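Thanks for making the time this morning. I would like to talk through one model, and I will give the cut-offs as we come to them.

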Amino acid sequence: TATDGWLTVSWPRVTAQAGRYRMCWCSGEDLHTSVNPNISSTACNPYSSFRIDVGQLTLTGFTPVHRTCISGRTCAFHISGIGLTGREEFVVLDTCGTQLPVYGFPIAENWTGDHLDWGSGILSASGGSYRLCACVTGACSSQTDYRLDIGELAVLGPTMFQDRTCIAGQACEIESIYGKFLSEQDFIAVLDTCGSQSLVTNFPQEVQITEPASGITNVHWGEAVTSSGGQYRLCWCANTGNAGDLPGALEEYLVDVGQFTVIGPTPQQYQTCVSGQTCIIDAPKGHMMSSSD
């Protein structure tokens, strides 16, 4: 709009990348409109017509990012931008500006103006693609205030809540564990609780992981399962290919893929019968036992 020779210029919601640009001007008048004002001007239709450099326009904000974190580990990375104050706040959501949280993602603790760090909080979110959302108003009371979409945050790891079942006395094979950036070099363990040192007694330790398709792995234990029937946890640990990246202890298997059920009896149930007499014993205790066993 023009007022006494001054121009006021406004744009709707700006989604361009933060940076320093040039403001360029083109006259809205040409010879045709000077003769007949009812004819629309075509002088500024091509962008090449904007030849007059008015000055610099600085667009403050974040440079769009594409970052990756690993489930079961801490998360930190660099963010760049222009005019950042260090008082911005961040949250990871499926869609910026919504109330739906991402389960298993800790709250960002440290932001220095160029480095975002979730501190010692361990990421346990499902493998997948999320959005890194920022609140720059200083009044960030709810997740709907985090409306600015900075870019994609990919989480390397399996999808959660993938329950599986094997049968005691038989070889155990699990097909199609889904996730993002899964690899046959990753590690799987069956534990009482992920991240603890509670090995499941008599569960096979030798395991083979194959990758039939991108984002899908199959798990095969070479020996028959002889552990007690019950409910356990299927736990995952990433191998990113770095030196010294192999898990040194069971507490590094922090990612809970889902419930792992072993169908079978509880071992070491002693019963007694007498030779020469009818023998009746109670059915062995176990998990998901059946009359067809």
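Predicted model: local features only at pLDDT ≥ 70, side-chain atom pairs only at ≥ 80, totals over all residues.

Residues are numbered from 1 along each chain as its sequence is written, and side-chain values use heavy atoms, with hydrogens and water left out.

Of its 8 residues, 6 are buried, so β19 is largely enclosed by the rest of the structure; buried here means under 20% relative accessible area, exposed means over 50%, and partly exposed is in between, with a 1.4 Å probe and protein chains only. Strands count as paired if DSSP finds at least two bridges between them. Strand β16, residues 187-191, runs antiparallel to β19 and is joined to it by 5 bridges, with A189 having C235 as its bridge partner. β19 also pairs with β20, residues 255-265, again in the antiparallel sense, over 7 bridges, and there R233 stands opposite Q259.

Next, T217, which lies in strand β18, residues 216-224, is buried with a relative accessible area of 6%. Leaving aside residues up to four places away in sequence, T217 touches E175, S176, I177, L182, S183, I209, T210, E211 and P212, a contact being heavy atoms within 4.5 Å.

Which residues touch the most other members of the largest nonpolar core? They are V190, F203, W221, L234, W236 and F260, out of 23 residues in that core. A nonpolar core is a set of buried Ala, Val, Leu, Ile, Met, Phe, Trp, Tyr and Cys residues joined through side-chain atoms within 4.5 Å. Two or more residues each come from β15 (171-180), β16, β18, β19 and β20, and β20 gives the most, with 4 residues. Apart from this core lies another, of 21 residues, among them V92, L116, L123 and Y130.

Finally, the exposed side: W11, in the loop between β2 (6-7) and β3, is exposed, with a relative accessible area of 57%.
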